[in-house]
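Here is a short briefing on one protein chain. Please keep the sequence and the structure in view while reading.

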Amino acid sequence: MFKGVPIRSVMRALKVLQIINNNEPLSMMGIAKIANIPYPTTSRLVRTLIVANLVESEPDKKRYRPTSLVQSLSNGYQDHSQLVALARPYIEAFTRNFHWPLSLCTPVGEMIVIRDSTHAISPLTFDRYFPGASSPILKCGSGRVYLAHMEDGRRNDLIDVLVSSGQTYSSEIIEQARSSSRSRKIREAGYLMNGFHQFARSHSRTNSIVVPIAMECKIIGTLSVIFFANALKTEVDQKALVTALQETSRKISLALADSEL
């Protein structure tokens, strides 16, 4: 599917731009730390983005932020606005019933991006996530569910690209992502219970459950609920949350199918 070797400098520049765009103004050291790129390389990349008018430094501050020109990068992009609009009533209903915040996610390149969430209306929100927030596919539950629903060949091709993109992954993460048996178990279960939510600031105290959203037997997104690990103390509690999450996904899929008629 993918031929040739990705240009590492381009991948790094895009990564730096995403980081600057998804955070409050950051220092050069802050950007380098989040990107896991050496400071001198980060400095050159940021200055290149400044020359391209995609990034600017704050007046009298050594912090960097995106310019309005960044919006031009989305021209022509067909987003998941219909999915978001149709899903909104159902994810709100889920949070009203169970109180936990729910996120609607879709894949974009090497990232899983939050398209919508109910963090703003949940009384149990501990880490606030907004549309546009993203996590690497190989390092989050939604990404693992997405990969599990791909054909083996396409999944391995995508993993090859992700591994060569400059992001650091452990051999265990890569091996698990490539595992056909692990992917089959996720598909058969219909959900993933993720006991370690890496991108939550309170990750040591949280779990997540992720289910796929499918249309015509093809995964188009995921629903992810994050909750305190000690909140669901029994299998009955966990099963109730999983069932409600799967039912929410089913309703969204049906609404999408009806909208196509």
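In which helix is A257 found? A257 sits in helix α9. The model is predicted. Its protein chain averages a pLDDT of 85. The chain holds 9 helices and 9 strands.

**Overall picture**

- Of the residues in the protein chain, 89% score a pLDDT of at least 70.
- One stretch, residues 196-202, has a pLDDT below 50. Beyond near neighbours in sequence, residues 196-202 still make 20 contacts in the model.
- The protein chain has 261 residues, and 43% of them are buried.
- Among contacts in the protein chain with a separation of 6 or more, 55% link residues 24 or more positions apart.

**Helix α1 against helix α3**

- Helix α1 spans residues 8-22, and helix α3 spans residues 39-51.
- The two axes come within 10 Å and cross at roughly 75°. An angle of 65 to 115 degrees counts as roughly perpendicular, so α1 is roughly perpendicular to α3.
- On the α1 side, the contact is made by S9, R12, A13, V16, L17 and I20. On the α3 side, T41, L45, V46 and L49 take part.
- By class, the contact of α1 with α3 has 7 nonpolar residues, 2 polar residues and 1 charged residue.

**Loops on either side of α3**

- N36 is placed in the loop between α2 (28-35) and α3. N36 is not a glycine, yet its phi is positive, at about 60°.
- N53 lies in the loop between α3 and β2 (55-57). N53 is not a glycine either, and its phi is positive, at about 65°.
- Most residues other than glycine have a negative phi.

**Helix α4 and T95**

- T95 lies in helix α4, which covers residues 81-98.
- Is T95 buried or exposed? T95 has a relative accessible area of 2%, so it is buried.
- Not counting residues up to four places away in sequence, T95 touches W100, P101, L102, T118, I121 and S122.
- T95 and H119 are 24 residues apart in sequence. Their C-alpha atoms are 8.9 Å apart in space.

**Helix α5 and Y146**

- Helix α5 is mostly covered, with 7 of its 8 residues buried.
- The buried residues of α5 are G141, S142, G143, V145, Y146, L147 and A148.
- Y146 is found in this helix, which runs over residues 141-148.
- Why does Y146 count as buried? Its relative accessibility is 15%, and buried means under 20%.
- Which residues does Y146 touch, not counting residues up to four places away in sequence? They are P107, I137, L158 and I219.
- Y146 is 41 residues from R187 in sequence. From C-alpha to C-alpha, Y146 and R187 are 9.9 Å apart in space.

**Cysteines**

- How many disulfides does the count come to? The count comes to 0 disulfides.
- C105 is in no disulfide. The nearest cysteine sulfur to C105 is that of C140, 7.3 Å away. A disulfide needs a pair of cysteine sulfur atoms within 2.5 Å.
- C105 has 6% relative accessibility, so C105 counts as buried.
- C217 has 86% relative accessibility, so C217 counts as exposed.

- N230 is found in the loop between β9 (218-228) and α9 (235-260).
- N230 has 58% relative accessibility, so N230 counts as exposed.
- N230 and T206 are 24 residues apart along the chain. The C-alpha atoms of N230 and T206 are separated by 8.1 Å.
- A257, in helix α9, has a relative accessible area of 32%, so A257 is partly exposed.
- A257 and A214 are 43 residues apart along the chain. The C-alpha atoms of A257 and A214 are separated by 10.0 Å.

Methods. Residues are numbered from 1 along each chain as its sequence is written. This is a predicted model: local features need pLDDT of at least 70, side-chain atom pairs count only at pLDDT 80 or more; totals for chains, interfaces and linings use all residues. Side-chain values use heavy atoms; hydrogens and water are left out. Axes are lines fitted to C-alpha atoms, for helices over the stretch in contact, and angles run from 0 to 180 degrees between N-to-C directions. Helices (H or I, at least four residues) and strands (E, at least two) are DSSP runs, numbered from the N terminus. Angles under 35 degrees count as roughly parallel, over 145 as roughly antiparallel, 65 to 115 as roughly perpendicular and the rest as oblique. Contact means heavy atoms within 4.5 Å. Ala, Val, Leu, Ile, Met, Phe, Trp, Tyr, Cys and Pro count as nonpolar, Asp, Glu, Lys and Arg as charged, and the others, Gly among them, as polar. pLDDT is the predictor's confidence in each residue, from 0 to 100. Buried means under 20% relative accessible area, exposed over 50%, partly exposed in between (1.4 Å probe, protein chains only).
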